[in-house]
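Dear colleague,

I am passing on to you the structure we spoke about, and you will find the sequence and the coordinates directly below. My notes on what turned up in it follow after that.

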Amino acid sequence: RSPTHFVHVHSMWHILLPVLAYAPRVAPQQPSSHHGRRQFLLSAGAGVASLLQRPAWASSVGGGDADDKLLMATSLLRSTLQREPAGSFCACRGGGLDGSAIRLALHSWPGLWSVLVRVAEVVCWTVYEVVFNPGPRGVMKLPRLHTLLAAAIRHQVISLAKVGDGVADATYEEVQAFEEVAWKVNRPEQWDSFRAHRPYSLKGYHSRAPDVGAPAPDGVVHSLSSGAEMRLLSTARAVAGSSSLVALSFDSLSCPVWRGFAGAELHRIARSFGVPVLHVYMAEAHPDDAFPSPMQGPVALASELRRHRDLEERKAAAGRAQAFLTHKVGRPVVLVADGMGDALEEAYEARPFRMFILDVSRPDACVVAHKTGLAPFNMGAKFAELRAFLCLWRSRARSGAGRSA
């Protein structure tokens, strides 16, 4: 897997921020610039080591368990940043450092070096992706710019599309209140188009989508290769294989948030817990001839996506989405198309995109085990709640296997 899967930009930032932000405050207790440099290196190394929670470096600083040693490193960093003596951990004598402090600093450097190596890996991989592997042709208008700004796009969308405090997934009522202001008040010229394409986001609408614990609706889907008709739930069972869960991801390439980051991230989360994903391509969320998205720039498409006039046009759009998603997640994806009557999209209330987790362990029924709310609101909460559900499911599955063994 690519280094970007191992290192997230925000995680690196939280590791390096204390050192970068507070290092200028570190002042030597004596007017020796050489001593000041050594004091800074000590605090930086200890800070990174403690943040990385690598207790091995503290083996020579005294007894106690790993938590005790982490507390010692934290004490050292805090006292250094506050310009206070660090007791026996960092006693400065005549412009020098005592033996324990020197050993602590030396043992901290492997942790700092590991951080720097990971940063270099991320930079190199980003350069490679931007220059040599920006994505399939004919999908994104500016694929290199999109790849370069993917993290910034994600951050901006999560910040702007936050309903309430953003901690929990948004309810229908919260989305409806938010959307009325966003479109009826701020974009009145598009209000009629919005009403036609987002009926679930209109005030007064009450959800009829299946709740958790309810049977999953079934319907006809179409193969992209042959166009053959299949049943959604039988296809989902085939994709699930030996897994008791399968994810249904309803997709639309014309949604800028889906192609910006959300579609690939939802897929990755499910796959990281061993849950197979069946993608269902549906009616366009933002067809250019009826409801164009105001969000373009680095997420603009190479060519227009209009309302599907027949199944062939829907399959063609689905093929573009499949190629795009395959590139983003780094593995082949299974994708089928909803029928032209949009029966499944309506049954799951899926536009502009949505994910459902189905429990297929029972031979007589497929049951909704988890679902995300209306998109693209509170995406951070959607990701967190999906991870929490899958983590709990995996823990229960393992404990059940252990008891049966």
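The protein chain has an accessible surface of about 19700 Å², and 57% of that area belongs to carbon and sulfur atoms. Please keep in mind while reading that this is a predicted model. The chain has 405 residues, of which 47% count as buried, and its secondary structure comes to 14 helices and nine strands. Among contacts with a separation of 6 or more, 73% are between residues 24 or more positions apart.

The largest nonpolar core holds 43 residues, and Leu253, Trp258, Phe261, Tyr281 and Phe353 are the ones that touch the most other members. Several elements each supply at least two residues of this core, including helix H7 (150-160), strand S5 (245-251) and helix H14 (379-404), but the largest share, eight residues, comes from H11. Leaving aside neighbours within four places in sequence, Leu253 is in contact with a number of residues, among them Val139, Trp258, Tyr281, Leu301 and Phe324. There is also a second, separate core of 21 residues, which includes Ala216, Val336, Val360 and Val368.

Helix H11 (residues 256-272) packs against helix H12 (residues 311-329) at an angle of about 65°, with the axes 10 Å apart, and the crossing is right-handed. On the H11 side the contact is made by Trp258, Arg259, Gly263, Ala264, His267 and Arg268, which meet Ala321, Phe324, Leu325, Lys328 and Val329 in H12. The residues of this contact divide into six nonpolar, two polar and three charged.

With best wishes

Definitions and conventions. Residues numbered from 1 in each chain as written. Predicted model: local features only at pLDDT ≥ 70, side-chain atom pairs only at ≥ 80, totals over all residues. Heavy atoms only, no water. Axes fitted to C-alpha atoms, helices over the stretch in contact; angles between N-to-C directions. Helix = DSSP H or I, 4+ residues; strand = E, 2+ residues; numbered from the N terminus. Left-handed = near helix turned anticlockwise from the far one by under 90°. Contact = heavy atoms within 4.5 Å. Nonpolar A, V, L, I, M, F, W, Y, C, P; charged D, E, K, R; others polar. Buried < 20%, exposed > 50% of the residue type's maximum accessible area, 1.4 Å probe, protein only. Areas by Shrake-Rupley, 256 points an atom, 1.4 Å probe, with all protein chains shown as cover. Core = buried A, V, L, I, M, F, W, Y, C linked by side-chain atoms within 4.5 Å.
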